[in-house]
Amino acid sequence: MIEKIWFENHFLGKLLWPLLWSLSYLFKWIATKRKSDYQSGKKQSYRSSVPVVVVGNITAGGNGKTPVVVWLVEQLQLKGYKVGVASRGYGGKAPYYPYLLTETTTPDISGDEPVLIKQRTKAEVAVAPVRSEAVRMLEQQGVDFIITDDGLQHYALQRDIEFIIIDGKRRFGNQHYIPLGPLREGVERLSSVDFLICNGGEPQENEVSMRLQPSEAINLITGERRSVSSLSNLVAFAGIGHPPRFFETLNQLKANVVHTQGFEDHKAFVQTEIEQLMKYGDQLIMTEKDAVKCQSFAQSSWWYLPVDAQFPEEKAQQILNKIIEVKE
């Protein structure tokens, strides 16, 4: 319901306006003061010994940050650099912090997105609620660059390059601060970052167009790859920031989807909950982020759809050149 207030001008927003506006004003004041304290030196921030690239947004919810992080890591790896990824580790409870992921780390320990990034890139990934602690751990691993998955508003960590990922269709909603609107920071923040990445929709001036390109569906048990359109009676579910985006992608791929189910972002799934969805169809299809949480109890009829960030070639080269220049 809250997203309907943010992005669809739902009438409840008008009814709750006095309360939400007051809370929104308080959120803005706290966020602004906190940022000012770090920028003025009143609060100390950490400067890494290696370049730090922050991939974040100014709105709450998923905008496509993780695919951009994966793309950056893979592109830098292709050029011979060792890359580390720092994350808060939302949804995980590690035995200690900072925590360096291994190939066998599960989402209940580190959160879902760090596991996805580790599996896709094989990069060094560290999590900590205080991101500077994760950055220090990655420095010890001898990395050349550190990419932070989210953390644009984490001003306790200094950065060299900043990305803001924008949902090209929903943009910034009603442009109010949380909880009246989706904003973590004001839209004026857009003018101060290095790259504005528009995920879908039509990019505006100074924005780089990005598309999330789906590949073949992958079976969670066998690893078999098949085109989505060849799968029948699919039940689709997604526990991401904006589930309709996933369902729309399946529709564009002409998938035979008979039922859809959206869940909250970072949801910790249990086996019985997912098995209940099977009553609606013959096979399940989910996002890659959800797959890392369902792997331990997956069945042979379960599939996931990986997506990759794609940029115009010229813009992609500009992005990489600017990052590498910081290193040199």
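Leucine 26 has its place in helix α3, which covers residues 17-40. In this predicted model, leucine 26 counts as partly exposed, at 44% relative accessibility. Leucine 26 also belongs to a nonpolar patch on the surface, formed together with Trp17, Trp21, Tyr25, Trp29 and Ile30. The accessible area of these residues together is about 680 Å².

Of the 14 residues of α4, 10 are buried, so the helix is largely enclosed by the rest of the structure. Among the buried residues are Lys65, Thr66 and Pro67, the valines Val68, Val69, Val70 and Val73, and also Trp71, Leu72 and Leu76. Just after α4 comes glycine 80, where phi is positive at about 95 degrees.

Turning to the strands, β11 (residues 234-238) and β12 (residues 257-262) run parallel and are joined by 5 bridges. Between β11 and β12 the chain passes through helix α8 (residues 243-252), and this β-α-β crossover is right-handed. Within the pairing, phenylalanine 237 has glutamine 261 of β12 as its bridge partner.

Glutamate 248 and lysine 169 meet through their side chains in a salt bridge, at 2.5 Å from N to O. This pair links distant parts of the chain, since glutamate 248 sits in helix α8 and lysine 169 in the loop between β6 and β7, 79 residues apart. Glutamate 248 is partly exposed, with a relative accessible area of 34%, whereas lysine 169 counts as exposed at 56%.

In total, the structure holds 20 salt bridges. One of them joins arginine 189 to glutamate 162, with the closest N and O atoms 2.7 Å apart. Arginine 189 lies in the loop between β6 (161-167) and β7 (195-199), and glutamate 162 lies in strand β6, so the pair ties together parts that are 27 residues apart in sequence. How buried or exposed are the two partners? Arginine 189 is buried, at a relative accessible area of 5%, and glutamate 162 is buried too, at 8%. Both residues belong to a network of salt bridges that also links Lys35, Arg159 and Glu185. A further salt bridge brings together the side chains of lysine 267 and glutamate 273, at 3.2 Å from N to O. Most residues other than glycine have a negative phi, and most peptide bonds are trans. Against this background, the peptide bond from tyrosine 97 to proline 98 is cis, with omega near -5 degrees. Proline 98 is placed in the loop between β2 (83-87) and β3 (99-100). A cis peptide bond also runs from isoleucine 178 to proline 179, with omega near 5 degrees, and proline 179 is found in the loop between β6 and β7. In that loop between β6 and β7 lies arginine 171, which has a positive phi of about 50 degrees although it is not a glycine. Arginine 171 is buried, with a relative accessible area of 15%. Lysine 122, in the loop between α6 (112-121) and β4 (124-127), has a positive phi as well, near 65 degrees.

Notes:
Residues are numbered from 1 along each chain as its sequence is written. This is a predicted model: local features need pLDDT of at least 70, side-chain atom pairs count only at pLDDT 80 or more; totals for chains, interfaces and linings use all residues. Side-chain values use heavy atoms; hydrogens and water are left out. Two strands pair if DSSP finds at least two bridges between them. Helices (H or I, at least four residues) and strands (E, at least two) are DSSP runs, numbered from the N terminus. A crossover is right-handed if, with the strands pointing away from the viewer, the path from the first strand over the helix to the second runs clockwise. Buried means under 20% relative accessible area, exposed over 50%, partly exposed in between (1.4 Å probe, protein chains only). Patches are made of residues with over 30% relative accessible area and no salt bridge: like charges are joined within 9 Å, nonpolar side chains (Val, Leu, Ile, Met, Phe, Trp, Tyr) within 5 Å. Accessible areas come from the Shrake-Rupley method with a 1.4 Å probe; for residues, only the protein chains shown count as cover. A salt bridge is a side-chain nitrogen of Lys or Arg within 4 Å of a carboxyl oxygen of Asp or Glu.
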